[in-house]
Amino acid sequence: MELFQSLSIDWLKKKWYFVGFSVLLSTAGMISLLAKGGPQYGLDFRGGTLVHIKFREAPQLDRIRQVLGDHGLGNSTLQQFGPAANHEILIGLDLTGANQTDLEAGQRTIVQALGMEFGGGELPNWNEAAAGTLANHLAAAGVAAEAAQPIAERLVSFRDAPPHNGLIASFEDLRSVEGVTPQVLQTFQAEFSLPGFAVRSAEFVGPKVGAALRRQALMATLLGLASMLVYIAFRFEWVYGVASVLALLHDVVIALGLLSIANLELSLTVIAAILTLIGYSVNDKIVVFDRVRENVRLMRRDNFTNITNLSINQTLSRTILTGGMVLVGTLSIFLFGGDVLRGFGFVLFVGILVGTYSSIGVAAPLVASWQEFAQRDRRGGAPVRAAREQAKAKREKVKVGAKA
Amino acid sequence: MSRNLLQKGIAIAVVVVASIYGVIGLPTSMSGLRQNMADRLRLGLDLQGGTHLVLQVMVNDAINAEADQTIERLRTTLQTREISFGSITRIDATDIYAEGGVEVQGIPLVPVDQRSAFQEAIDETELGWTYQRGEPGSYRLRLRPLALAEIRQQTLNQSVETIRNRVDSLGVSEPTIQERGQGEFEILVQLPGVDDPARVKEIMQTTALLEIKRVQAGPYSSRQQALQAHNGVLPVGTELIESVERPEAGEPLVANQWYLVSRVPAITGRELRNARPGRDENNRPEVDFTLSADGARRFGEFTEQNIGNMLAVVLDGKIQSVATIQSRITDSGRITGRFSQQWANNLSLMLRAGALPASMQYLEERTVGPSLGADSIRAGVLASAIGLAAVFIFMPIYYRLAGINAIIALLLNMLILMAALGYVGATLTLPGIAGIILTIGMAVDANVLVFERIREELHAGKTAVSAVEAGFSKAVLTIVDSNVTTVIAAFFLFLFGTGPVKGFAVTLTIGLAANMFTAVFVSRFMFDYLLSRQPRQAAISI
């Protein structure tokens, strides 16, 4: 099967449309970034405390806010996380609202406050227990040590699979799990609590770390870009390097803008996605440039615009096939990779579209325009060249005449 | 098969066998197989659940402590040499980068001979210090750069050791405890499978410096009252310490009291041989301890000389309990105080593990619960499966038999990647799984580049053999270029990234390296092998 055979699209003729499209897209992103006062930093970069909690019943945000307020956490932010049916929320404390000690203790205070309200207590929450902890308790309750671990693992997978999805309502639910005896249930009853929620994750990032990570992320991105410039300049010519890096900047700006429009946070994993996008985008440009270089050798007499158009057309089937395949991968990360990878998948998906486009719409026209300009400059453009040729011919004639 | 081809085949077979061994080892049973795979492929904290902590050691505490000791020594030296001086005070090192120091105020118009005697005293006894002359007769002592660096490094090392001891006694399996970064005095602690971070944090952060000191006077109801009782000046070698002692049963709870105690402890936690939780006669939690031989001898002397006096058990600068010495005590004692059974357990654990040389501050704390980790694994596996399925369906449709070739190369790539992760001891994180999905994409890219090139050559009228030859040789350079640029990007991620992001960089780099082998070498081998078994003019399925 072949989809793209001997195409002859004049890409460079459309370059002004491309410019318009790029300007439009980046402006839209810029406006969103400006309107929202910069990118929405994730916890890694802004610092603070964030607790991710799953409730058994649909959480009533007002009630939770009230409970937190009663414990001196009135300035915490509440936010639903994922689809409403998951009953998950994020409770956050900002750096501005509290000092270091408060933030550090914040996680604990939040969990304790909720525990009092939703039926927890001094005892550890069974729904938060890892297999190792359960095995220890089982062993202490008289279950043989080698049997305890498998039972604990079965219990954990029973709890985490549907229909419980991480939260059992009563220890009686566990009766159906293989190896669970009434004695085991009694032990759990005595040594654990079963509040109506479980902490999925809890994070605290101090102010120093946030600032350091921001600096590091910026360094990584800038050094990544700079090294691409050097590599391409080394492998091709400096014009190719400059054109690629301009195209990469264009990609990054658009990806960040769209991230802001989509209301997603800029986190460490998103930075990883941006660097990956840089890598992929450069890769895509190299494929086109490689072909341009090859064709320049083959078609010495042709002008640069034609060569570039031909090269794009020749590599187009590869561009679309690979792009499509990687796109499917990133789309599946975006859709199925879970909430942690949502922003990552988004930036890669958008980035691969933009990165592929910018090879054809930004980098190639830049190089072609420069080459045309440089050639005209060196030889003084077509009319000058014609005049020069004539003068040269005249001189030749004179020489020949003198000899004669 | 030609000899060249045979050699290549053997090389590939060796890699395959090594990779399979790397993933599954030499299992003897199904459960052994599962166990081996779990051992070799280590999951990151974000996938298996656990706690990640970054602590900063406040090394200035140790510098201040050093300055205090120097002050004590200097005082003795100056007194024995009969050199007159005014006051000696510490210049506080207030943050981790501060140098600290000691300020010596002399009496103005010190005789010149005394001045040189003073300098001699410092030169001879305080080797780690240099001095600067300030106002007439006053000096400012600073730690020499080497001594300063040594104190800081020692404090950091000792903190790492102490935390390791404490974590070990908690029974956490495979913890990571190591220095992080450079010159920031940070310690990275990773505790897989820990689901109770609050307790761990408390145990790690408490300094747990135990001292037993002689009570000189007290109690006083407040600091002011204590100062007034001594006309505002404390006797030399004493200090005021707050007590957090609990009242006896039935007594009303009163505000914390203050005691005047000797500055130098009779014994410290260093002289402990063991500590364990127990219960006192009223069945309240307490901690019983026994002393080392040397400590017991000194404690015996101390208690013998002080029968009838009071002693204070001081923990981290707070008096836990005060008791009257009834008789000579040698090798055991107990700490009672206002604490729960859990705290008694923790305290005895910390005393056994030793005191921290400096206080610590948490810079970062991340805990992932076990069920979120399990969900992440499911999500990651689903996303990778979909990515793989797309390739498996598309490639044979579009490239026919060559598509199968690409699939085999891709599967081998995945196998090598998994084995390499095990061999280099890297951990698989959620972003790492994303790295695998991207590797799939890049691997397909290499195949597509080659196949498209072969098709072009075939269109140009070349035979199958020369088209394959030309296709590979022309595409290889492009493949190398594109892989190198992605590896450069991954390198910077590795350099600047933290945990999970590093995992992504490692996975992607290994995947791309494997890709160079599978998509170029192995795929070429498969083409050559098929062609070698066909008549020279036969077509290839692409």
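In this predicted model, chain A has an average pLDDT of 86, and 92% of its residues score at least 70. Where pLDDT is low, the predicted coordinates should not be read in detail.

**The two chains**

Chain A is built with 13 helices and 4 strands, whereas chain B has 15 helices and 19 strands. For chain B, the radius of gyration is 35 Å, which is well over the 24 Å that the globule rule gives for 542 residues, so chain B is more spread out than a compact globule. For chain A the radius of gyration is 31 Å, while a compact globule of 404 residues would have one near 22 Å.

| Chain | Span of the C-alpha trace |
|---|---|
| Chain A | about 120 × 50 × 30 Å |
| Chain B | about 110 × 65 × 35 Å |

**Where the chains touch**

The contact between the chains takes 64 residues from chain A and 60 residues from chain B. On the side of chain B that touches chain A, at least two residues each are supplied by β18 (360-368), α11 (370-399), α13 (430-459), α14 (464-496) and α15 (499-532) of chain B. The largest share of this side, 17 residues, comes from α11(B). Sorted by class, the side of chain B that touches chain A has 36 nonpolar, 15 polar and 9 charged residues.

**Helix pairs in chain B**

Two packed helices are described by the angle between their axes and the distance between the axes. Helices α13(B) and α14(B) have axes 8 Å apart and pack at an angle of about 150 degrees; because angles over 145 degrees count as roughly antiparallel, α13(B) is roughly antiparallel to α14(B). The crossing of α13(B) past α14(B) is right-handed. The contact involves residues of α13(B) including Met442(B), Leu449(B) and Arg453(B), and residues of α14(B) including Phe472(B), Lys474(B) and Ile479(B). Taken by class, the residues of this contact of α13(B) with α14(B) are 12 nonpolar, 4 polar and 4 charged.

A second pair in chain B joins helix α1 (residues 3-24) of chain B and helix α12 (residues 401-423) of chain B, whose axes come within 8 Å and cross at roughly 55 degrees. That angle makes α1(B) oblique to α12(B), and the crossing of the two helices is left-handed. Among the residues of α1(B) that take part are Val15(B), Ser19(B) and Gly22(B), and among those of α12(B) are Leu412(B), Met418(B) and Tyr423(B). The residues of the contact of α1(B) with α12(B) divide into 11 nonpolar and 3 polar, with no charged residue.

**A helix pair in chain A**

In chain A, α9(A) packs against helix α10 (residues 268-298) of chain A at an angle of about 140 degrees, with the axes 10 Å apart. The crossing of α9(A) past α10(A) is right-handed. Residues of α9(A), including Tyr240(A), Asp251(A) and Leu259(A), meet residues of α10(A), including Val270(A), Lys285(A) and Phe289(A). By class, the residues of the contact of α9(A) with α10(A) comprise 12 nonpolar, 2 polar and 2 charged.

Methods: Residues numbered from 1 in each chain as written. Chains lettered and ligands numbered in written order. Predicted model: local features only at pLDDT ≥ 70, side-chain atom pairs only at ≥ 80, totals over all residues. Axes fitted to C-alpha atoms, helices over the stretch in contact; angles between N-to-C directions. Parallel < 35°, antiparallel > 145°, perpendicular 65-115°, else oblique. Left-handed = near helix turned anticlockwise from the far one by under 90°. Contact = placed C-beta atoms within 7 Å. Nonpolar A, V, L, I, M, F, W, Y, C, P; charged D, E, K, R; others polar. pLDDT = per-residue confidence, 0-100. Rg over C-alpha atoms; globule rule 2.2 N^0.38 Å.
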